[in-house]
Every structure is written in C-alpha cells, then in structure tokens.
Amino acid sequence: MELPARIDVHQHIVPPVWARALDSRGLDSGGWAIPSWTAESAIAMMDQQGIASGVLSVTAPGVHLDSDAAARDLARAVNEYGAEVVKDRPDRFGHFASVPLPDVDAAVAEAVYALDTLHADGVVLMSNAHGRYLGDPDFEPLWAELDRRAANVFVHPAQPPMPLLPGTPAPLADYVFDTTRTALNLVLNGVMSRYPNVRVILSHGGGFLPYAAYRFTGLTSMAIDPDRTEEDVLRDLKRFYFDTALSASPSALPALLAFAEPGHVLYGSDWPFAPQEAGTYYNRYLTSYPNFTPGQAKAIDRDNAEALFPRLAR
C-alpha cells in the first residue's frame, strides 16, 4: 500500500479549553459551528486523504476573545495542548502556536515561549485582531521577533470588522476577502520588505491576491505611493507562500500557479472545519490538474513544505 505523502499546512486543532471558552461566550468561527476533534480522528482522515503530517492551528476567532489577561491564559493553554499532541505523535503532527494579539507584549512573549520551550513549528496569526490588520505599526515588535527567528507564520482569515452578509457565514465569502486585505496591508506598510527572514503562509490560495496582484502593483505605484515601483510591490507580494485549502479548483489553481514563486505553494485541507468531503472534492481537482510542470505536483504535496518544516522531512 502506498504511504501517505502530503504535508498539510492548513489543518486545525480544537483544544477542549478553547472550545469551552468559545461556548461560554456564545462564540463560533464566523458563523461556522465548532466541530469535534481528536488526534485519532485526525490521523484517520489523513490516512484516507494521503496526508503524512498535518501542521495544526487554532482557527478564528483565535485566542483573544475579550480581555488581555484571559487571552494570555488561553493562548498558553491551547499551545501547551498542541505541543502535547505533537509530542505524542511527532511523525504525524506539527503545531502553529497561537499568540494573543492585539496585546503585542503578550504576543511576543508567547511566541518566544512557544518557539523556544514548546518547539512549535511556527505561529498562527488571525488576519485581523479585533479589526486591526497585521501591518499595523503597533505590531512591529512581533514581526521583528519573528524575523529574528526566521519563523514560519501562518495567516488564517478572521471575520472582518463588519456585519456578515445575511445568511452567509464568514468562511464562505468574507475569509478570502480578509486574507487579501491583510496581505495587502502587510505589503503597503512595508512589513514584507523590512522583515525578509519571516516566511508568511496565506490561507486558501491567498484569497484573491494572486488574481488581483497586478491591480495592486500598478495602482500602488501609480496612485498610492509613487516612490515605490511596480517591481517593488510585486517583489513583496511574491514573498508570500500559499496553501491550497479549498482553492485547488479549475479557476483558482491556474491563477495561483501563474503568480506564486516556485516552491511557494503548499498543500492544505482546512479539516475539520472543512469536512472530509470537501478535502476529497478539492483533492480530485488537484490530482487531475493537467498543466503541472514536471515535479510540481509532488512539490506542492510535500517538497515545498519540507523546506519550511525540515523536522517533518522523511
């Protein structure tokens, strides 16, 4: 039997302490129900979907649900839970640590603890923290710390600071919008150029960034910041990595592959918030895509992630 090969950089964990914290506050994930999760069910899914290892992260709304103090405690609790899961099965799991933005000092402290003590494989940031986007100048100390460590940063979308479309959960439409919004904010505010060592992975194929990238480059240099050339903006946009979660489709995949730098597209499932049926649906498009260059499919499935997560390399 063929062994699972994929490294899934967009796979979620549901720590019981986090689920209880959401439930006690009447919260969910942007109108999306919180699913059950166990390591055993995750491994069963991975075996069925050809996934060797999954890098786990807590999804939106993250860990800062109300007060700074509660967010610090919740971040520590979910990170220690995730570290224990990885400790039990280091061959099958990695872990992105949560940090309690917009409390910057606490976010820096938790990132240091998670990376140094818990040996997390990176950190996960929500696309906005109570309406403040990731290029916010106040977040500079966190980016500086992550850059010093050449950290992997997984950006997961959150509900933008506006009402939901009636009858439309945020993951359906608003998440792709918010990923694009925060990525552009990072570029326009210079974060991607000031911190070249950090590796930023955008969820869901980068939202619509690959499709609209040349709109952003042209209009920025022509109408927003004439001191920056189109090439400057394009270089910073191309620094991003992208996962394929819910995005390996006949329309999205060609745009993503046309834009992304070689080595910058990674496999993602979004399980369990995206059910296993969704993984099967998008995997079918990914495996049947007719225009991969030689070795490109294998690189997306595994090789590109091995470069970012050498611990998971065979």
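Modeller: Happy to! The second largest cavity has about 40 Å³ of volume. A cavity here is a set of points on a 1 Å grid over the protein atoms alone where a 1.4 Å probe fits but cannot get out; grid points are joined across faces, edges and corners, and a volume is the space filled by probe spheres set on the points. This is a predicted model, in which local features need pLDDT of at least 70, side-chain atom pairs count only at pLDDT 80 or more, and totals for chains, interfaces and linings use all residues. Residues are numbered from 1 along each chain as its sequence is written, and side-chain values use heavy atoms, with hydrogens and water left out.

The lining (residues with an atom within 4 Å of a point) is made up of Met-45, Gln-49, Ser-269, Trp-271, Ala-274, Pro-275, Gln-276 and Gly-279. Two helices, α2 (39–49) and α11 (276–288), each give at least two residues to this lining; helices are DSSP runs of H or I with at least four residues, numbered from the N terminus. By class, the lining has 4 nonpolar, 4 polar and no charged residues. Nonpolar covers Ala, Val, Leu, Ile, Met, Phe, Trp, Tyr, Cys and Pro, charged covers Asp, Glu, Lys and Arg, and the others, Gly among them, are polar.

Key: On a 1 Å grid over the protein atoms alone, a cavity is a set of points where a 1.4 Å probe fits but cannot get out, and a pocket is an open set with protein on both sides within 12 Å along at least five of seven lines; lining residues have an atom within 4 Å of a point.
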